[in-house]
Amino acid sequence: MSSAASAYAQAPPPSQPAGLPRLLAGVPAHGALSLQEHLEIHGEAPRKPRRRRRSESPLIARIEAAGLLGRGGGAFPTARKLRSVASAGRRPVVVVNAAEGEPASLKDRTLMRARPHLVLDGGELAASSLGAEEVIVCVCAGARASAEQAAAAIAERSRAGDSSSPRIRLQLVPNHYLSGQESALVSYLNGRRALPTFTPPLPFEQGVGRAPTLVSNAETLAHLALIARHGPEWFRELGTPSEPGSALVTLSGPVAHPGVYEIELGAPLSSLIDAAGGATDGVRAALVGGYAGSWIDAGRLPSLALSDEYLAQHRARLGAGVVLLLSEHACPAAETARVARWLASQSSGQCGPCVNGLQALAMTLTETARGVARAKAEERIARLASLVQGRGACAHPDGAVEFILSAVQIFGSEFADHARLGTCEACALAGELPIPDAAARAHGGLRRARLA
Ligand SMILES: Cc1cc2nc3c(=O)[nH]c(=O)nc-3n(C[C@H](O)[C@H](O)[C@H](O)COP(=O)(O)O)c2cc1C
Ligand code: SF4
């Protein structure tokens, strides 16, 4: 396997390993690829199947052979999801999920800003294979440039006038961690607040307007558009047998060029850091998978490979492709407590264990970081975590607990020092881990969004 990463945005042009970039091919430093430029790079999308219901379209078979896994965080097989929607009865709707509520992720807004036509191709192809007549592209209201490029690309396609294509419309969604959770997204598209709903029915059974609904991540659909053109064998030329293809990763922290990179799945973390110009400071640990992910100690990073199969031995997953390096200058205890408070603030307030448990965990971590915790704080954290895990209507509390428990494990000595001695000098520094601004934290953020 070639070790590999190719870069976008802040990074200078890297040396390009064979086969990469795919999604980011030809991306300009500013603005988006026009429809014409997009077609020059990738050629026409294959002829769309006629818009009638097909329980087994050739595209679904190709996606299955390619082994495409969803890039929205859950790594669910895309073909299985397509098949469930196809066999669910009524005419379906396709939702492109570019809500990207994860604070440390920029990949979906980058795709929407720079490669909107690739994502729209994927949405259209999925819709045509399912017999859907509508594609709804959901972009976070705070990602203004991405929303504008998506709107311009939709208008450009409409002017190009292909009457056999499904209707595509853009929907802005609130700036909130939960907005991209699929049942919250469907609730919002049905005119309600963007809150996760209790299931069943799941969106694939009854989603937007009660129609079976495919909710797929923007990056997933961009891969689908390329598989439709180049086939499953081409897709499998990169990656590992169980995790084929490339993936977008948002790398941040002390590297020369933080940004969004396209990697081969299974590539070493070291090749990603090299592509980003190398580390500019000592690294204490890496957070893999974002704020629902896990910390990995610096000592293990040189041999780390970016695939779920490899990361499993560290109880970690790539999730939506977030790698965040924490510098040696940061205070891990203060950083963990700060993110835990933010994660608690993102609960939608519907499930007791999530609301109360995440608040109690955040408070215990904050008291520990400030050296004012009651005795046996570590035992309390473990007990609270066990009361929260698996007790929510959505996976938010499970992700938050994963983040917290891995922090307590990896930064055990720092937490112990803070419990004994109180705050350290680094506690007073500005936090390194990104937290969205206060306006986005309020639950009001779950109401209707406008491009202000
Ligand atoms: C708290 C929470 C937030 C989520 N946010 C997003 C998001 O912003 N974007 C996204 O694509 N998926 C998000 N997901 C996952 C979606 O629910 C869904 O699984 C995904 O959009 C499916 O797309 P995929 O199969 O292409 O991965 C989130 C899940 C949870 C539990
Ligand atoms: S688990 Fe938490 S975030 Fe999810 S629906 Fe329940 S209260 Fe809301």
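Biologist: Which residues of α14 does α13 meet in this predicted model?
Modeller: On the α13 side, the contact comprises Pro353, Cys354, Gly357, Leu358, Ala360, Leu361, Thr364, Glu367 and Thr368. By class, the residues of this contact divide into 11 nonpolar, 3 polar and 2 charged. Their partners in α14 are Ala377, Arg380, Ile381, Leu384, Ala385, Leu387 and Val388.

Biologist: How are α13 and α14 oriented to each other?
Modeller: The two axes come within 9 Å and cross at roughly 165°, and the crossing is left-handed. Angles over 145 degrees count as roughly antiparallel. The relation of α13 to α14 is therefore roughly antiparallel.

Biologist: Are α3 and α5 parallel or oblique to each other?
Modeller: Helix α3 (residues 78-86) packs against helix α5 (residues 116-130) with the axes 10 Å apart and an angle of about 45°. Their crossing is right-handed. At this angle α3 and α5 are therefore oblique.

Biologist: Which residues of α5 meet α3?
Modeller: From α3, Leu82, Val85 and Ala86 take part. The contact holds 5 nonpolar residues, 1 polar and no charged. On the α5 side the residues are Ala126, Ser129 and Leu130.

Biologist: Why is α15 described as largely enclosed by the rest of the structure?
Modeller: Among the elements covering its buried residues are β8 (283-288), β9 (294-297), α12 (332-345) and α16 (412-421). The buried residues include His396, Glu402, Phe403 and Ile410. Helix α15 is largely enclosed because the buried share of its 15 residues is 12.

Definitions and conventions. Residues are numbered from 1 along each chain as its sequence is written. Chains are lettered from A and ligands numbered from 1 in the order in which they are written. This is a predicted model: local features need pLDDT of at least 70, side-chain atom pairs count only at pLDDT 80 or more; totals for chains, interfaces and linings use all residues. A residue is buried if 20 or more other C-beta atoms lie within 10 Å of its own, exposed if 12 or fewer, and partly exposed in between; C-beta atoms are placed from the backbone. Helices (H or I, at least four residues) and strands (E, at least two) are DSSP runs, numbered from the N terminus. Two residues are in contact if their C-beta atoms, placed from the backbone, lie within 7 Å. Axes are lines fitted to C-alpha atoms, for helices over the stretch in contact, and angles run from 0 to 180 degrees between N-to-C directions. Angles under 35 degrees count as roughly parallel, over 145 as roughly antiparallel, 65 to 115 as roughly perpendicular and the rest as oblique. A crossing is left-handed if the near helix is turned anticlockwise from the far one by less than a right angle, and right-handed if clockwise. Ala, Val, Leu, Ile, Met, Phe, Trp, Tyr, Cys and Pro count as nonpolar, Asp, Glu, Lys and Arg as charged, and the others, Gly among them, as polar.
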